[in-house]
Amino acid sequence: MKQQQKRKGRIIFHIDMNCFYASVEMAYDPKLKGKPLAIAGNPEERKGIIVTSSYEARAKGIKTTMPLWQARRLCPDLTVMRPNFNRYRQASREIFKMLSELTPLVEPVSIDEGYMDVTDIETSDPITLAEEIQQQIMSTLDIPCSIGIAPNKFLAKMASDMEKPMGLTILRKRDISRILWPLPIEEMHGVGEKTKEKLSTINVKTIGQLANKDVYTLKQLLGVNGERLKNRANGIDLREVDPDAVNEYKSIGSSQTLSQDTTNEIEIRRLMHTLADNVERRLKRKKAAGRSVQLMIRYHDRKTITRSKKLQMFIDTKEDIIEIANELWQLHWNMQPIRLLGITVQDIEEKKQLGKQLDLFTYKKEAEKEKLYHTIDTLSEKYGKNPFKSLEMVNDQDDEEPRTSFQKDFLDDYKK
């Protein structure tokens, strides 16, 4: 490629895999192509929730987070598969490796989407580059993607959502009044249901109305996020593409819907132990610990509460997690039937970043374990491995069924 002249503005790509989990399964088994396909949890129980579906399934009205029983009613010939997260992570790693070979300025934001700053890539035509990326991913992995091209991250994200599958959309600042402003406010990236409801109270129902609303009113309603959203609606976004952002996660959690609404304490405690297990495993995979535990309870009437406790020290074990979660449950459960539970460890830090500051209590606990550690080391030297390694660690495939919420612990060192 010929050396180009230095561009005045940035050129940002947002790459979004289309129906990612379903596309990976269809690439793995081409017989699934052209069929209505859904990735979901346990088909036999109510906790089966649609995680994603093929476009053929979406044409039948099937949507993400829809209960499986409802999806089957809409589409009796729906093919349902349990998720294979190892398979999806591997595909994701391959995709981000391809992108990072073009530029180091690649920022994954989830398992199936990310940003690229291609400003300084030596090509005269960003559109051609985007087409080449699409074709490379398709020819190598048989996975379609849409790409948004814009001068900043927000506009690139909005652009990539405008045409699917295999879409390629350019969104310039001069076009936002014509293309973005007429859109309903809920179609704006960063505006959720609660924000939409708040904005409706000041008669903001389109992106254009948000763009032209006075900043004082917005800040009174939404705090600093009000000004941020107004700027985005006007095409202003100064965030850089940050390759290190993938390592910045604030929480790791797990949630699950019960097979039926219950007040049975044995069943509730059993689920809490399962959730704490999941969180501990993810923390270990990330070599991280957290200093806050949050419990989410969703009742039979779908009313949801979240309660959390800040700790003086970092924790990463199931025992510590379940102790705090149980304390929160005892304090805040109103004895009504529970539909869903979630446990999240927040204020996450990588262990290598933590200076181990032992208070007297922690020191005593660590000292008590020294003899055990010494015994394990001795036996490990004799038998060649830790004879006490748990079966969970040996068989940790992490092919869990999907939970109701999803975390950002999606990529494990994609640059390896």
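Where does C19 lie? In this predicted model, C19 is found in the loop between strand 1 (12–17) and helix 1, and the phi of this residue, which is not a glycine, has a positive value near 45°.

**Helix 1 and helix 4**

- The axes of helix 1 (residues 20–28) and helix 4 (residues 85–102) come within 10 Å and cross at roughly 95°; since angles of 65 to 115 degrees count as roughly perpendicular, the two helices are therefore described as roughly perpendicular to each other.
- On the side of helix 1, the residues in contact are F20, Y21, V24, E25 and Y28, and these meet F85, R87, Y88, A91, S92 and I95 in helix 4.
- By residue class, this contact of helix 1 with helix 4 is made up of eight nonpolar residues, one polar residue and two charged residues.

**Helix 12 and its two ends**

- At the start of helix 12, the backbone nitrogen of I266 has a side-chain oxygen of N264 within 2.9 Å.
- Just after helix 12, the chain continues with K287, which takes a positive phi of about 50°.

**Salt bridges**

- The count of salt bridges in the model comes to 15, and one of them joins the side chains of E107 and K153, with an N to O distance of 2.8 Å.
- Because E107 belongs to strand 5 (residues 106–110) whereas K153 belongs to helix 6 (residues 153–160), this pair ties together parts that are 46 residues apart in sequence.
- Side chains of opposite charge can pair in this way when their charged atoms come close.

**A cis peptide bond**

- The peptide bond that runs from K164 to P165 is cis, with an omega near -5°.
- P165 is itself placed in the loop between helix 6 and strand 8 (168–170).

Notes: Residues numbered from 1 in each chain as written. Predicted model: local features only at pLDDT ≥ 70, side-chain atom pairs only at ≥ 80, totals over all residues. Heavy atoms only, no water. Polar contact = N/O pair within 3.5 Å; in protein donor to acceptor, adjacent residues only side chain to side chain. Helix = DSSP H or I, 4+ residues; strand = E, 2+ residues; numbered from the N terminus. Axes fitted to C-alpha atoms, helices over the stretch in contact; angles between N-to-C directions. Parallel < 35°, antiparallel > 145°, perpendicular 65-115°, else oblique. Contact = heavy atoms within 4.5 Å. Nonpolar A, V, L, I, M, F, W, Y, C, P; charged D, E, K, R; others polar. Salt bridge = Lys/Arg side-chain N within 4 Å of Asp/Glu carboxyl O.
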